[in-house]
Protein chains: 2
Amino acid sequence: MKKAPSPGSKADSLLYTIQAREPTVPMSLHSLIQELREKNGSKIVLLVADGLGGLPLEPGGKTELESAHTPNLDDLVKDGVCGLSVPVLPGISPGSGPGHLGLFGYDPLQWRIGRGILEALGINFQVGPNDVAIRGNFCTIDASGKIIDRRAGRPSTERCIEVCRKLQTIKVPGAEIFVEPVKEHRFVLVIRAAGLGDAVNDTDPQAVGVAPFVAKGADPASQKTADLANAFLAQVKQLLAGETGINMATLRGFAGNPTIPTFEEIYGLKPLALAVYPMYRGLARLVGMTIGNAGSTLDDQATALAAAWNDYDFFFLHFKYTDSTGEDGNFPGKVEMIERLDGIIPRIRALKPDVFIVTGDHSTPSKMKSHSWHPVPTILHAATCRTDRVTEFGESQCLMGGLGQFEAKYLMSLAMAHAGRLGKYGA
Amino acid sequence: MKKAPSPGSKADSLLYTIQAREPTVPMSLHSLIQELREKNGSKIVLLVADGLGGLPLEPGGKTELESAHTPNLDDLVKDGVCGLSVPVLPGISPGSGPGHLGLFGYDPLQWRIGRGILEALGINFQVGPNDVAIRGNFCTIDASGKIIDRRAGRPSTERCIEVCRKLQTIKVPGAEIFVEPVKEHRFVLVIRAAGLGDAVNDTDPQAVGVAPFVAKGADPASQKTADLANAFLAQVKQLLAGETGINMATLRGFAGNPTIPTFEEIYGLKPLALAVYPMYRGLARLVGMTIGNAGSTLDDQATALAAAWNDYDFFFLHFKYTDSTGEDGNFPGKVEMIERLDGIIPRIRALKPDVFIVTGDHSTPSKMKSHSWHPVPTILHAATCRTDRVTEFGESQCLMGGLGQFEAKYLMSLAMAHAGRLGKYGA
């Protein structure tokens with residue numbers, strides 16, 4: 001591969017001169033926003049309908065969103081500007097972590113959240129600065145210590161809870177240990193001690209017929225974590241010896257608490273998250289949002305929003321069921337959930353947010369029963385919108401929208417701009 | 001120039017903190033794909049009509065593609081999704097090298113193929129790991145050694161072949177030397193020896209009235225190459241002394257065999273290339289594709305495709321004549337070639353590829369008689385397409401397509417996603 005042009009010609013020497021003068025790294029979007037941000041008391045609402053985007057069941061047909069009766073969203077569209085949000089990059093289907101980081105304005109390829117942390121967020125375990133969170137899998141080993149079932153025969157969640165209770169008695173000198181059940185063969189291990197690194201290999205060999213790996217750290221701080229993990233695993237083996245089914249565990253995705261710059265640091269916004277599911281409260285907490293009491297329904301969320309209206313600048317509302325119905329392959333169910341979402345729009349608009357965004361963290365087409373890479377319909381409503389020709393909220397119409405197709409990580413700078421919270425860059 | 005904010009204020013110190021915490025390099029697309037890729041036996045066909053995009057002869061008129069009768073492409077459009085591919089960046093007209101690298105998913109600004117290598121590919125010279133390939137230009141020097149004609153009066157290709165035969169007798173101690181004619185004043189020199197570098201300046205001064213430069217290496221390995229090149233040039237001068245017209249040569253674009261990650265390494269795909277022209281077989285070989293026997297017509301290519309269908313996952317078919325008619329400024333000729341291309345579509349669809357893409361490596365508008373930067377009409381056909389309103393394959397309609405305008409380097413991640421070969425990014 002040619003790294004640089006060969007020297008000699010006049011053109012080439014000019015090229016070298018320019019390259020030598022170029023700053024190596026362009027200014028980051030976060031630094032730019034931080035430099036330009038202003039405070040003005042405006043309010044931004046980001047309503048995330050998880051997995052909002054969809055597909056028609058037949059080519060040329062309507063998607064879930066296009067099939068739904070959404071008078072309130074369509075009304076929002078009229079004075080707003082629409083577009084399609086690409087969660088990560090073309091073709092990349094994100095999990096909830098990267099999907100939300102993008103919407104919060106963090107490049108999901110730059111800010112990666114470890115599996116252990118996401119697993120802990122999902123069960124509402126609040127990971128602290130001295131913690132390393134790890135995903136655990138219960139497994140079955142034979143008398144020689146070799147794995148014969150990587151998922152211990154997929155035990156019931158009740159059995160998982162029972163075994164976790166037993167493991168909660170384990171003490172490892174030099175650290176606090178937390179063992180929390182997740183589901184079936186999955187649990188979360190959190191090791192808490194000062195100065196722990198997280199560059200530790202998975203002990204899960206991802207194969208049967210071999211023994212679990214020993215944990216090793218890539219640096220002294222991570223070796224400390226590895227030593228504690230190995231000490232924990234030795235006791236797990238002793239405690240569960242002789243059991244059938246679950247008699248050992250493997251560990252994956254060692255991850256320390258990420259030190260992500262907060263919403264307040266970047267945007268100067270005071271943010272409140274209203275999410276019913278723990279995972280999304282956890283993601284919001286990662287970027288420094290205050291976690292409000294969201295209750296259990298959209299109505300509860302709208303009530304909480306109104307009650308907190310004067311105390312925050314930014315409100316993240318999360319609605320899960322557009323994703324879960326999509327994952328179930330339930331087209332009419334997803335349509336119904338979108339209509340339910342539509343029903344809450346007037347209560348939010350009644351608060352007169354300066355910027356009101358409705359979008360999703362990714363698509364979850366019922367046809368695919370999974371997260372997908374397809375761009376996500378998005379409305380941005382504000383007084384400064386350059387309105388477009390979109391008249392109904394849906395994938396086809398959003399393709400004609402004024403926001404075009406954009407990477408999700410740019411949504412927050414658009415929100416800040418429309419909120420009047422970004423000054424001019426350069427004189 | 002504001003290099004960094006002046007320190008002192010709280011906002012400034014926060015800015016420094018954020019910059020310090022930002023990972024300097026986001027994950028690359030190739031690493032991401034490598035991490036997410038899955039195998040599922042699906043088949044992807046990439047049909048590249050070289051220089052496909054065009055321009056109307058008069059403003060508001062139809063392009064070559066829009067003028068062509070293309071019932072089969074139009075039928076493909078109906079269940080597919082369309083868009084416009086930007087080969088490199090807006091305004092940048094690529095050669096065949098960057099154009100194809102982009103389509104293969106390699107950022108053409110990151111992966112640069114040296115001129116010597118492209119020249120060698122074009123004449124079907126298979127460059128090996130110990131080779132440095134160089135473009136040679138025959139020139140005319142005067143008695144004092146100064147260049148008086150940089151192209152030796154543009155000799156006939158026959159004369160070029162004749163002189164190359166003479167130069168093929170040159171022996172340089174410590175290396176194998178290959179001299180191959182290209183066309184008129186152009187030839188390829190390949191120096192083969194272990195441990196050669198390619199950071200060597202051009203000896204072509206790109207001016208008359210001065211002597212050719214001496215080759216110099218920027219490092220010891222490249223100096224070895226430079227010494228061999230200088231020894232070769234000394235013998236060229238001796239051998240051709242006294243000739244009129246061609247009596248010397250200059251060298252440009254020293255380039256070692258690039259070590260590009262292969263298609264299989266990045267995508268886990270087993271790729272077959274079916275291209276009639278050597279340059280495109282060479283480009284495919286660069287990224288590790290197997291080179292099939294493409295025969296000499298589209299029908300031969302379709303036959304070879306069907307015969308190899310079970311042995312590969314990915315098929316690159318190249319059609320040259322949409323570009324060459326464009327380069328000739330032959331509008332009706334290009335229309336005819338597009339119609340010929342259209343005729344082969346049913347034979348490809350009969351194989352039922354999971355993903356079928358039709359695009360070009362760049363535009364070659366007959367009106368301009370050259371490669372251009374204009375975005376290239378693209379169809380992606382797969383079961384997971386979010387269909388759009390495009391009904392006929394053409395530049396204007398593709399502008400309304402669901403893929404929007406996208407950088408060519410993202411086409412492969414879209415292909416992988418639609419083939420069901422990419423898992424979810426993050427939990």
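Predicted model: local features only at pLDDT ≥ 70, side-chain atom pairs only at ≥ 80, totals over all residues.
1. Confidence first. The model comes with ipTM 0.88 and pTM 0.89. For chain A, the mean pLDDT is 94, with 96% of its residues at 70 or more.

2. One stretch to read with care is residues 1–9 of chain A, where pLDDT stays under 50. The model still gives that stretch 30 contacts beyond four places in sequence.

3. Now the size of the interface. Chain B puts 56 residues into the contact and chain A puts in 55 residues. Together the two chains bury about 4,500 Å², and 59% of that area comes from carbon and sulfur atoms.

4. On charge pairing, the count between chain B and chain A is one salt bridge. That pair is B:Glu35 with A:Arg112, and their closest N and O atoms sit 2.8 Å apart. As for polar contacts, 15 residue pairs turn up across the interface of chain B and chain A, counting pairs with both residues at pLDDT 80 or more.

5. Which elements give two or more residues to the side of chain B that touches chain A? They are α1 (10–21), α2 (29–36), β7 (248–256) and α15 (411–418) of chain B. Of these, α1(B) gives the most, with six residues.

6. What does the side of chain B that touches chain A consist of, by residue class? It splits into 28 nonpolar, 16 polar and twelve charged residues.

Notes: Residues numbered from 1 in each chain as written. Chains lettered and ligands numbered in written order. Heavy atoms only, no water. Contact = heavy atoms within 4.5 Å. Buried area = accessible area lost by both parts, 1.4 Å probe. Salt bridge = Lys/Arg side-chain N within 4 Å of Asp/Glu carboxyl O. Polar contact = N/O pair within 3.5 Å; in protein donor to acceptor, adjacent residues only side chain to side chain. Helix = DSSP H or I, 4+ residues; strand = E, 2+ residues; numbered from the N terminus. Nonpolar A, V, L, I, M, F, W, Y, C, P; charged D, E, K, R; others polar. pLDDT = per-residue confidence, 0-100.
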